[in-house]
Amino acid sequence: MASKKSSINIIATTDSLKVFYFNRTLTIQLEPLNDEPKNNSNFIIKLDEIEFWDAPDNTKTISIIELQKILDAVETYAEKNRRIIEFE
């Protein structure tokens with residue numbers, strides 16, 4: 001059986017994660033964990049700030065199912081890149 005390609009792609013920037021989910025984009029801001037500004041591998045994601053997609057889809061809310069898929073992909077990304085990301 002062929003493996004199924006993920007429909008979610010993640011690209012890290014200095015202070016955010018760019019999530020590409022089908023034809024939409026979401027920018028998730030990362031905050032240093034435990035006030036460790038020099039540690040680029042430990043971050044907090046504030047879940048209450050994730051409500052809408054980026055423009056031009058910024059009037060469309062992110063469903064609970066979409067959010068769970070995104071968070072699963074972020075966790076997988078973090079594990080592969082040896083980062084610690086906590087959700088608040």
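**Reading charge, burial and backbone in a predicted model**

User: Which residues gather in a patch of negative charge on the surface?

Analyst: D48, E49, E51, E86 and E88 do. A patch takes residues with over 30% relative accessible area and no salt bridge, and like charges are joined within 9 Å. A salt bridge is a side-chain nitrogen of Lys or Arg within 4 Å of a carboxyl oxygen of Asp or Glu. Asp and Glu count as negative, placed at CG of Asp or CD of Glu.

User: What should I know about the model?

Analyst: This is a predicted model; local features need pLDDT of at least 70, and side-chain atom pairs count only at pLDDT 80 or more, while totals for chains, interfaces and linings use all residues. Residues are numbered from 1 along each chain, and side-chain values use heavy atoms, without hydrogens and water.

User: Is E88 buried or exposed?

Analyst: Buried means under 20% relative accessible area, exposed over 50%, partly exposed in between (1.4 Å probe, protein chains only). E88 is exposed because its relative accessibility is 55%. E88 lies in the segment after β6 (84-87). Strands are DSSP runs of E, at least two residues; helices are H or I, at least four.

User: Where is D57, and what is D57 in contact with?

Analyst: D57 sits in the loop between β5 (42-45) and α1 (64-80). D57 is buried, at 12%. Contact means heavy atoms within 4.5 Å. Beyond neighbours within four places in sequence, D57 is in contact with N23 and R24.

User: Which residues does a cis peptide bond join?

Analyst: A55 and P56, with omega about 10°. P56 lies in the loop between β5 and α1.

Conventions: Patch = residues over 30% accessible without salt bridge, like charges linked within 9 Å, V, L, I, M, F, W, Y side chains within 5 Å. Areas by Shrake-Rupley, 256 points an atom, 1.4 Å probe, with all protein chains shown as cover.
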